[in-house]
Each structure stands twice: as C-alpha cells, then as structure tokens.
Amino acid sequence: MRNIISPFLTIAVLLVISSASYSQTPTQILKDAEKALGSKKAVRAVNSVKRNGLIIRDTDGASGTFVMETSKPSFYRSKFDFRGFETETGFNGKSSWARDSREGLRTLTGIESEDFKAEAVFRNWQWIDYKKRKEKLSGGGRALVNGKYADVVVLTTPSAVSMKLYFDVETKLLLREEMPNGDSVKTLDYNDYRPVNGVKVPFQITTENADEKFTIRLDQIVFNSDISSSNFDFPSVEGVGLPDIPLLLKELQANEEKVDSILEDYSYTEKTTKRELADDGTLRITESETYQLSFYKGNRIRRLIQKNGKPLSTDDQKDEDKEVAKRVEKIETEIAKQEKKEAEQNYDGTPENEGQRISIAEVLRSSKLQNPRKEKLKGRNVIVFDFEPDPSFDFKNAKSFLKFFGKTAGVMWIDEEDKQVARLEAVLFDSYKIGGGLLAKLRKGASFTLEKERINDEIWLPSVADINLSVRVLLFGGVKVNQIIESSNYRKFKTEVEDAKVNDPENTEIQ
C-alpha cells in the first residue's frame with residue numbers, strides 16, 4: 001500500500017509546486033503583456049488605429065468588408081457589410097449608437113450603453129494605464145484557450161463593467177476577451193500576431209455573441225492616421241423631419257415653468273443607496289437613506305424617514321422634523337428678502353435659494369447641440385441630441401450650475417409631444433473646482449445618468465439617477481462617490497404655506 005500511495009503524493013506535491021511557480025499577480029500579468037506587445041514607447045505612441053479586412057460568417061460562409069476605427073481618448077466605430085446588409089456601432093465621446101439595415105439607427109441606453117462605452121475605452125487603451133482610469137484588477141486563475149494555457153485577469157471599470165482577459169502563458173499576448181454586451185457576453189479570440197510600427201497586433205479575430213460567430217481576417221492595420229471625429233458621429237438619416245430647434249428650446253423653457261408649478265403639487269419618496277467598488281469588481285452597498293420630498297416655490301424639502309432600510313427612532317424622527325421646520329422658515333425668510341430686493345433694486349428674479357432646481361433649458365442654451373435625431377423611448381417619440389459646451393457662451397459669469405455643465409458632454413432625450421426631458425446622460429470631460437478648488441474638485445471622468453417616468457400623463461419626473469464620480473476634498477484626498485437614487489411613490493396634493501411649517505409632523509405632506 002505504501003508503494004502505491006507514494007507516487008500519488010509525489011505527483012500532488014509536484015502539481016502544487018508547479019502551480020505556485022506559475023502564480024502571478026494580475027498586475028504582473030498585465031505588465032508582462034504590455035512588454036510582449038513591443039517597446040513601451042511604441043505602445044504608448046499609438047493614438048489612433050484603423051483596421052480593414054474581410055469578415056466571414058461561420059454559419060454559411062458569407063463574407064463582407066470589415067472596418068474598425070479607434071481614436072483616443074474613447075472614439076470607436078466598427079462596421080461590416082454582408083452583401084448590402086450593413087451593421088455599424090459607434091461611440092462619439094458623448095453617446096453610443098447602433099445601426100443595421102433591418103432595425104435602423106438607435107441610441108444605446110442602460111446597461112447596453114454602459115457596456116459599449118466601456119468597450120470603446122478598452123479598444124483605445126486596452127489595459128494600459130488602467131490605474132489612471134480608476135479601473136480595478138482581480139485574478140481569474142488559469143484556463144485553457146484553444147489548446148493554450150492562459151492567465152486570466154478581470155478588469156473592472158468604475159461603473160462596474162467587468163471584462164475578462166486571457167493572456168497566453170508562453171507569449172504573454174492576449175488570447176481572448178469576454179466582454180459584457182447587454183444581456184449577453186461577447187467573446188473575441190485573437191491570433192496571427194504581427195508587428196506594426198514596432199507593436200504586435202492580431203490580424204485574425206474570431207468573435208462570438210449569442211448564436212452568431214464570425215471570423216475577421218485583417219488586411220491592413222494603420223496607426224496614427226488622420227481620422228476625423230465626424231467618422232464616429234451618428235450616420236445621417238435622410239427623410240427624417242426634425243422640429244425647429246430654437247422653437248423646441250423655447251417650448252422646453254415654457255414647459256419647465258409649467259412643470260415647476262405642477263411639481264409643487266407632488267410629494268414622493270427618494271432612496272439613496274451608496275455603493276463602493278470592491279477589489280473583486282462588484283458593487284457593494286455600504287448604506288442607504290430614504291427621504292420624503294416635495295417642492296415649495298421651487299425649493300426642495302427633504303425629510304429623512306429611513307436609514308439602511310429601517311425607520312428612524314421616535315427621538316431621531318422628532319429631531320429630523322425640527323430641522324425640516326427650520327428649513328421651511330429659512331425659505332420663507334429668503335423669499336421675503338427676494339421680494340424686498342426686487343421691489344427696491346429692480347431685482348432680475350434670479351433665484352438665490354440653495355434648493356432651486358437646475359434649468360435644463362438654460363443648460364441647452366449654453367450648449368452646442370449636435371446630431372439631432374428622432375427615436376423611440378419607452379414607446380414615446382423623442383428628439384435626441386448630443387451636447388457639449390458652446391465655446392461662445394460666457395461661462396465665466398454664468399450661474400454656478402451652468403459653470404458645472406460647461407465642463408460636461410453627453411446625450412439628452414426630449415419627449416416630442418410633452419417638450420420635457422425624458423432622459424439625460426453626461427460625463428465630466430474636465431475637472432470642476434468647487435469653491436475655487438479650496439473646498440473640493442470633481443475629477444475628470446465623473447458620470448451621471450438620469451432616467452425619468454411620465455406621471456399622470458402630465459409631467460416627467462425622476463425615476464432613477466446613477467452617479468459615479470471621484471472627488472478630491474481639501475485635507476481628505478480622494479473620495480469615490482457611487483450612488484443610485486431611486487424616486488417613486490409620487491402622490492399629488494395641494495400645498496399651502498401653513499402646511500410647510502410642519503406643525504404636525506406626522507400628518508404634513510411637506511417634509
């Protein structure tokens with residue numbers, strides 16, 4: 001028996017030693033992979049790439065032309081054509097889009113949009129400088145890919161999009177990617193690496209998503225060619241009638257004033273959930289707060305009612321109600337001051353209260369609107385714009401919220417019938433200083449998404465807001481803010497000034 005067991009113990013020990021000898025950290029795997037591509041200088045000198053070749057569909061052998069273009073920091077476009085049937089996807093730095101000959105053109109939203117934006121960044125940078133983009137690494141063990149052993153690294157973006165990368169144990173080159181693609185996972189296998197300007201790149205790609213599988217054979221790969229930013233814009237669609245844009249903005253402004261009036265009759269619940277990106281790439285809930293909200297003369301009133309899913313204690317709720325009462329009194333005092341100032345100094349009516357709502361119409365007037373198009377959102381006809389700051393607008397002397405939007409770019413959906421904003425996605429493309437930089441600084445790359453719902457066939461109100469940003473706070477260094485804000489339980493009522501004074505905290509609607 002001893003002679004039989006001994007060989008198995010020897011094999012087990014050898015396997016453990018072998019495994020340990022090949023064990024590497026994710027950081028070291030990526031360093032080796034970057035080195036395998038070529039010289040550091042050559043790899044980092046690549047700012048744009050254009051790929052041309054042939055794409056073959058495995059099911060029937062049909063073939064067509066294939067083009068992929070990337071340009072830093074995040075421009076991306078991919079297009080192929082099978083006998084006149086075209087499929088094209090792209091990201092222009094503000095919005096992501098997809099088009100094919102069957103379903104037409106559409107703007108991507110939700111998870112599908114987040115996944116595609118993450119892929120666009122990866123196509124430009126791969127894993128190079130992942131720390132600067134606040135991405136996280138985790139190990140995925142070892143796997144067998146097409147007969148080759150590969151070390152697996154999971155790369156996760158700040159918005160929790162995780163990409164699985166497989167690197168050849170021998171060559172250190174990338175063998176496979178697994179990319180989230182909405183409700184599915186897209187797999188790309190790489191082969192036939194050749195040097196281009198001192199950098200090794202794959203000339204054969206096999207891609208599989210759902211039930212479709214394609215083989216791409218590249219004929220040409222060109223670095224740092226002059227690729228126009230217009231290449232990544234939405235393809236123009238002829239025959240689609242768009243409204244008069246200046247008139248649309250004027251109607252949007254008029255409707256915002258009506259919305260402010262209607263909103264004063266609503267109360268709703270808002271739950272803020274704070275999250276953090278763990279080392280394994282998952283978003284974990286750290287705490288939550290639930291508020292009751294309403295508006296009074298354009299000012300938002302918030303009353304805390306739950307923490308971490310549990311109601312406040314009786315004493316804590318009484319303290320909270322006292323703070324709400326103070327807030328209401330402060331609003332009335334400020335309103336009286338404004339009225340006096342307006343009467344004595346011909347005041348222009350610009351709101352000074354800290355709770356005043358941001359005017360989307362003002363944001364649009366200070367923006368350069370691009371790629372207007374007609375689409376459907378939740379069954380409604382919408383006008384969609386990409387937006388970025390208008391360089392001719394005087395942001396220096398503008399209101400504070402306009403100064404903030406003067407450093408953002410994104411995409412906006414406006415309901416064509418209601419002339420109200422239905423959805424907004426934006427990203428901060430430059431750092432924004434708070435208090436001249438003495439208090440805090442929002443860092444470049446901060447992103448936020450606002451989704452709205454149509455309530456009572458009269459008003460679009462927030463349903464979900466997703467906020468992801470990094471802040472440098474004076475004396476405290478970097479702080480990551482990752483929150484999801486869910487608004488629900490909209491109730492309509494009539495507000496009077498007396499109600500706002502919270503004489504009976506249990507029965508009042510303004511909290």
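Is Gln24 buried, exposed or partly exposed? Gln24 is partly exposed, because its relative accessible area is 31%; buried means under 20%, exposed over 50%, and partly exposed in between (1.4 Å probe, protein chains only). This is a predicted model: local features need pLDDT of at least 70, side-chain atom pairs count only at pLDDT 80 or more, and totals for chains, interfaces and linings use all residues. Residues are numbered from 1 along each chain as its sequence is written, and side-chain values use heavy atoms, with hydrogens and water left out.

**Overall make-up**

- The protein has 9 helices and 26 strands. Both are DSSP runs numbered from the N terminus: helices are H or I with at least four residues, strands are E with at least two.
- Of the 511 residues in the protein, 46% are buried.
- Contact means heavy atoms within 4.5 Å. Among contacts with a separation of 6 or more, 50% join residues 24 or more positions apart.

- Gln24 sits in the loop between α1 (2-22) and α2.
- Setting aside neighbours within four places in sequence, Gln24 contacts Ile29, Asp32, Asp151 and Lys172.
- Gln24 and Gly139 are 115 residues apart along the chain, yet their C-alpha atoms are separated by 8.9 Å.
- Rolling a probe the size of a water molecule over the atoms shows where empty space is left.
- The count is 1 cavity of 30 Å³ or more. A cavity is a set of points, on a 1 Å grid over the protein atoms alone, where a 1.4 Å probe fits but cannot get out; lining residues have an atom within 4 Å of a point.
- The largest cavity has a volume of about 40 Å³. Grid points are joined across faces, edges and corners, and the volume is the space filled by probe spheres set on the points.
- Gln24 belongs to the lining of the largest cavity, along with Ile29, Asp32, Ala33, Asp151, Phe167, Asp168, Val169 and Lys172.
- Both α2 (26-37) and β9 (162-168) supply at least two lining residues. The most come from α2, with 3 residues.
- By class, the lining holds 4 nonpolar, 1 polar and 4 charged residues. Here Ala, Val, Leu, Ile, Met, Phe, Trp, Tyr, Cys and Pro count as nonpolar, Asp, Glu, Lys and Arg as charged, and the others, Gly among them, as polar.

**Salt bridges**

- The whole structure contains 40 salt bridges. Each is a side-chain nitrogen of Lys or Arg within 4 Å of a carboxyl oxygen of Asp or Glu.
- One network of salt bridges links Lys50, Glu69, Arg77, Lys79, Glu86, Glu88 and Arg99.
- Lys79 pairs with Glu86, with the closest N and O atoms 3.9 Å apart. Lys79 counts as partly exposed because its relative accessibility is 25%.
- Glu88 and Arg99 form a salt bridge at 2.6 Å, N to O. The pair links distant parts of the chain, 11 residues apart: Glu88 in strand β4 (residues 85-91) and Arg99 in strand β5 (residues 96-100).
- Glu88 is buried at 5% relative accessibility. Arg99 is buried too, at 18%.
- Arg303 and Asp321 also form a salt bridge, at 2.6 Å, N to O. Arg303 is in strand β16 (residues 299-307) and Asp321 in helix α6 (residues 314-345), so the pair ties together parts 18 residues apart in sequence.
- Arg303 is buried, with a relative accessible area of 10%. Asp321 is buried as well, at 8%.

**Nonpolar cores**

- The largest nonpolar core has 46 residues; Trp127, Phe167, Val199, Ile221 and Phe223 touch the most other members. Such a core is a set of buried Ala, Val, Leu, Ile, Met, Phe, Trp, Tyr and Cys residues joined through side-chain atoms within 4.5 Å.
- Apart from that core lies another, of 25 residues, among them Val363, Val421, Ala426 and Leu442.

**Backbone geometry**

- Most residues other than glycine have a negative phi, and most peptide bonds are trans.
- The peptide bond from Lys72 to Pro73 is cis, with omega near 15 degrees. Pro73 lies in the loop between β2 (63-71) and β3 (75-82).
- Asn197 has a positive phi, near 50 degrees. Asn197 is in the loop between β11 (184-196) and β12 (199-209), and is exposed at 60% relative accessibility.
- Asn224 has a positive phi, near 55 degrees. Asn224 is in the loop between β13 (212-223) and α5 (245-263), and is partly exposed at 41%.

Definitions and conventions
On a 1 Å grid over the protein atoms alone, a cavity is a set of points where a 1.4 Å probe fits but cannot get out, and a pocket is an open set with protein on both sides within 12 Å along at least five of seven lines; lining residues have an atom within 4 Å of a point.
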